[in-house]
Protein chains: 2
Amino acid sequence: MSDGNATLLSFTGEKFEPCKVCGEPSSGWHCGAVTCEACKKFFLRSINGEDAKYKCIRNQDCVIVRTTRTQCQFCRFQKCKEVGMTNSENTNNPPVAEIFKRFPCAVCKAPSSGIHFGAITCEGCKGFFRRSIKERAPERYRCMENGTCEISAATRNMCRYCRFQKCLKAKIKSLPIRLNFKENLYLNTKR
Amino acid sequence: MSDGNATLLSFTGEKFEPCKVCGEPSSGWHCGAVTCEACKKFFLRSINGEDAKYKCIRNQDCVIVRTTRTQCQFCRFQKCKEVGMTNSENTNNPPVAEIFKRFPCAVCKAPSSGIHFGAITCEGCKGFFRRSIKERAPERYRCMENGTCEISAATRNMCRYCRFQKCLKAKIKSLPIRLNFKENLYLNTKR
DNA sequence: AAAGGAGGTCACTAGGTCAG
DNA sequence: CTGACCTAGTGACCTCCTTT
């Protein structure tokens, strides 16, 4: 999409983790990975054929950190590729999945994977909610304590009742639920 | 938009929402936005260089409503620009897209985006119909209920069968289907 | 030479799957 | 039963064509 990038990607006011190549503070997503400006520039210089000149005088396994990154171009470039940097277009923005990982699930606070049923949730809570309303009777969930169980990534499976309550509180919408695609399509793969 | 304006734009007998600038009842589309007469005049006075004199004595974030709109010219003009008012020609009619937004999609009642396949529909139903007839077998859609599912913006994805029936009922015409660009190109270059 | 509709694109998610 | 991963769509936005 030409620049519908203005969608989710523009929410990225967050901080990025350290440069994947050298460990320094990073400046964002460049060429397919979170890197510092220095490693970004290095990578961009390298991919124009420059890398053909790179030689490692040791065993091609030099450790790349801030203080050593200039000592072996070969291994630095190697690491750039290892962490996923690429030459292709459209790699200056993190994939949406990366963004969502930094938003906590509205139910259990684990890293989320997107907007599901109208709320930001993880895959686990998404699946739990779907199963609950489609093939179960969530009104039959019972809390063995007093209905105030904490729901975290570590504890979310301990009480279905409280997990489901937390889903409702998170404004997860039970409708519209799409009907079973395949049944609705009457898929017969022979034909 | 030369003035084929006599086409769709003359349908606009509808009521407009409140003035985008001050919230008062509006009188129509002026200079690129729905505004009241007062804000229209204010904007037209401002754009002749008048605005150079405007100063905000607060923080350039004055709230602009009916009762306050005359208290800060700077912020009022600011808001005019924010809501999209412009100096350019031909902004006294809403863009056609705006008009269609007020016509409900003949299939699902969501705001429509134009005439597609002979009926006023939204982008969603347009795409659904196109995919149905071009790359699927809509006769294989099956309703899991009894063929009377309600099709609204919220429920349109719940039953393909009923959505497709609604398309047919809305007189969406499946023909003529234009050759796609590539096929067309091929035919043209062939001879 | 502009309007506007057909068809294409692709970011994104609902629902399915199945090893654990 | 859970949840990471996958598939099949969906629809907002875009490009290019036809028509006026």
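**Talking through a predicted model**

Biologist: Why does Tyr141(B) count as buried?

Modeller: Tyr141(B) has 1% relative accessibility. Buried means under 20% relative accessible area, exposed means over 50%, and partly exposed is in between (1.4 Å probe, protein chains only). At 1%, Tyr141(B) therefore counts as buried. Before we go on: this is a predicted model, in which local features need pLDDT of at least 70 and side-chain atom pairs count only at pLDDT 80 or more, while totals for chains, interfaces and linings use all residues. Residues are numbered from 1 along each chain as its sequence is written, chains are lettered from A and ligands numbered from 1 in the order in which they are written, and side-chain values use heavy atoms, leaving out hydrogens and water.

Biologist: What makes Tyr141(B) and Phe164(B) an aromatic pair, and which kind is it?

Modeller: Rings of Phe, Tyr and Trp (its six-membered ring) pair if their centres lie within 6.5 Å; planes under 30 degrees apart are stacked, over 60 edge-to-face, and the rest tilted. By this rule there are 16 aromatic pairs over all chains. Tyr141(B) and Phe164(B) are 5.9 Å apart centre to centre with 80° between the planes, so the pair is edge-to-face. The pair links distant parts of the chain, 23 residues apart: Tyr141(B) is in the loop between α4 (123–135) and α5 of chain B, and Phe164(B) is in helix α5. Helices (H or I, at least four residues) and strands (E, at least two) are DSSP runs, numbered from the N terminus. Phe164(B) is at 9% relative accessibility, so Phe164(B) counts as buried too.

Biologist: How do you know that Arg76(B) sits over the ring of Phe42(B)?

Modeller: The charged end of Arg76(B) is 4.5 Å from the ring centre. A charge sits over a ring if NZ of Lys or CZ of Arg is within 6 Å of the ring centre and within 35 degrees of the ring normal. In chain A, Arg76(A) lies over the face of Phe42(A), also at 4.5 Å from the ring centre.

Biologist: What makes Cys149(B) partly exposed?

Modeller: Its relative accessible area is 23%, whereas Cys72(B), at 4%, counts as buried.

Biologist: What does the side chain of Ser112(A) reach?

Modeller: Ser112(A) reaches the backbone oxygen of Phe100(A) at 2.7 Å, and the backbone oxygen of Phe103(A) lies 2.8 Å from a polar atom of that side chain. A polar contact is a pair of N or O atoms within 3.5 Å; within protein, one must be able to donate a hydrogen and the other to accept it, and residues adjacent in sequence count only if both atoms are side-chain atoms. Ser112(A) is buried, at 4%.
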